[in-house]
Amino acid sequence: MIPLQFFSVLFGLFMIYMIRIHQKKGHFDDAETRTWIIIWLGFIVLALFPQILEPVVQQLRFSRVFDALIVISFMILAVINFINRVSIKKLEKKLEKTVRESAIKKLTKQTE
Amino acid sequence: MPGYNEEKYLGRVLKKLKAVTNNIVFIDDGSTDKTAEIAQKNITHVLVHKVNLGKGAAMKTGCEYAFDQLSAKAVIFMDSDDQHDPQQLKLFFSELKKGSQVIFGVRKFSAERMPLSRFLGNKLFSALVTVLFHQYIPDIPSGFKALTKKAYHLVKWSSQGYEVEMEIAVKVAKSNIPFSTVEIETIYHDIEKGMNILDGLGVVMRLFQWRLGI
């Protein structure tokens, strides 16, 4: 096992531990927890046996498995980032609407 | 008049303002000091945001209250930190009477009155709007401006923070709304307060987003 594989496995295990903590706090339901655990177990398996991806890497004309992993990781990060941005925008709008409406309602009641 | 943690100046601003008009709406944007209490002691219409949302959101709350609850025909925005002279509201009243839909208060620029970084940032904003939206609007960051109800519905902004001033200018430029300007005096009290360089960079970024429509 090369150092990069060792650290990847440690990172995967740490992420699974984080998921368990958030499940206990009630942030994730069972289905979401299961999905994230499968994703990080998959990450650990790929870190230990990168040759699994060899056929895909050849098909996509990447020179190394590592290059393919980097490209896939960036794509996943971009998608997650986009989803987060949309969610934050939605939350900001909801918060703004609630705070503004409550301020107007309170003053309107007072002045009536 | 939006305000956040303005207990230092608000009392005297409201006193000066009451000498000119009684139609005042103050929006306390989630202040943690005595801003809301000072405002409530001085005027009737005080809207209180439970949390700090930003200048843009506070201005929108004020507009909606003024137009929907008080049946106002126009609003004039002023900063609550005593940077603007309420006596100059008369200039805006006069322009509104002439039929202007949007009036920008433009500060007299001089090296002694305005810090150099603000002066350059100010000019950069106007230059960028001219290049990207083909309309020269002077002194975009100035918080002293007026909108009629009709203009408000045309420029209704989504910005929550300081970028609201830029969004109003961009929407005026994009919609080709005729606007007028009035020359105003500005007094700087707290240089540290207001927009900083990071806010400025954020505004420039938003400017390109609006140009691209994202």
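A residue counts as buried when its relative accessible area is under 20%. Keep that cut-off in mind for the views below, which come from a predicted model.

**View 1**
Let's start with helix H2 of chain B, which runs over residues 35-42. Which of its residues are buried? They are B:Thr35, B:Ala36, B:Ile38, B:Ala39 and B:Asn42. Looking down the axis of H2(B), you'd find these buried residues within an arc of 165°, so they line one face of the helix. What do they pack against? Their partners are helix H1 (10-18), strand E2 (25-29) and strand E3, which belong to chain B as well.

**View 1. Chain A meets chain B.**
Here we zoom in on the place where the two chains touch, with 12 residues of chain A in contact with 18 residues of chain B. About 1300 Å² of area is buried between the two chains, and carbon and sulfur atoms give 61% of that. On the chain A side, three residues stand out: A:Glu96, A:Arg100 and A:Leu107 supply 40% of the area that chain A buries against chain B, more than any other three residues.

H4(A) has the largest share, with four residues. By type, the lining of the largest cavity splits into four nonpolar residues, two polar ones and one charged.

**View 2. The second largest pocket is lined by helices of chain A.**
Now for an open space: the second largest pocket contains about 870 Å³. It has 24 lining residues, and those closest to its centre are A:Phe43, A:Leu46, A:Leu69, A:Ile70 and A:Ser73. Which elements give two or more residues to this lining? They are helix H1 (3-24), helix H2 (30-48) and helix H4, each from chain A. H4(A) gives the most, with 10 residues. What kinds of residues make up the lining of the second largest pocket? The tally is 20 nonpolar, four polar and no charged.

**View 3. A:Lys25 sits in a loop of chain A.**
This loop links H1 and H2 of chain A. Is A:Lys25 buried or exposed? With a relative accessibility of 56%, A:Lys25 counts as exposed. For a sense of distance, pair A:Lys25 with A:Leu53: the two are 28 residues apart in sequence, and their C-alpha atoms are 35 Å apart in space.

**View 4. Helix H7 of chain B leads to an asparagine with positive phi.**
Nine of the 11 residues of H7(B) are buried, so this helix is largely enclosed by the rest of the structure. Among the buried ones are B:Met166, B:Ile168, B:Val170 and B:Val172, and B:Glu165 and B:Glu167 are on the list too. After H7(B) comes B:Asn176, in the loop between helix H7 (164-174) and strand E7 (179-184). B:Asn176 has a positive phi of about 55°, although it isn't a glycine.

How accessible is B:Asn5? It is partly exposed, with a relative accessible area of 23%.

**View 5. B:Phe125 is buried in chain B.**
B:Phe125 belongs to helix H5 (residues 116-133) of chain B, and at 6% relative accessibility it counts as buried. What does B:Phe125 touch, leaving aside residues up to four places away in sequence? Its contacts are B:Ile140, B:Pro141, B:Met166, B:Met195, B:Gly200, B:Val203 and B:Val204. One of these, B:Met166, is a buried residue of H7(B). Another contact, B:Val204, is 79 residues away from B:Phe125 in sequence, yet the two are 7.5 Å apart in space, C-alpha to C-alpha.

Technical notes. Residues are numbered from 1 along each chain as its sequence is written. Chains are lettered from A and ligands numbered from 1 in the order in which they are written. This is a predicted model: local features need pLDDT of at least 70, side-chain atom pairs count only at pLDDT 80 or more; totals for chains, interfaces and linings use all residues. Side-chain values use heavy atoms; hydrogens and water are left out. Ala, Val, Leu, Ile, Met, Phe, Trp, Tyr, Cys and Pro count as nonpolar, Asp, Glu, Lys and Arg as charged, and the others, Gly among them, as polar. Buried means under 20% relative accessible area, exposed over 50%, partly exposed in between (1.4 Å probe, protein chains only). The arc is that of the directions from the helix axis to the C-beta atoms. Contact means heavy atoms within 4.5 Å. Buried area is the accessible area (1.4 Å probe) that two parts lose on being put together, summed over both. On a 1 Å grid over the protein atoms alone, a cavity is a set of points where a 1.4 Å probe fits but cannot get out, and a pocket is an open set with protein on both sides within 12 Å along at least five of seven lines; lining residues have an atom within 4 Å of a point. Grid points are joined across faces, edges and corners, and a volume is the space filled by probe spheres set on the points.
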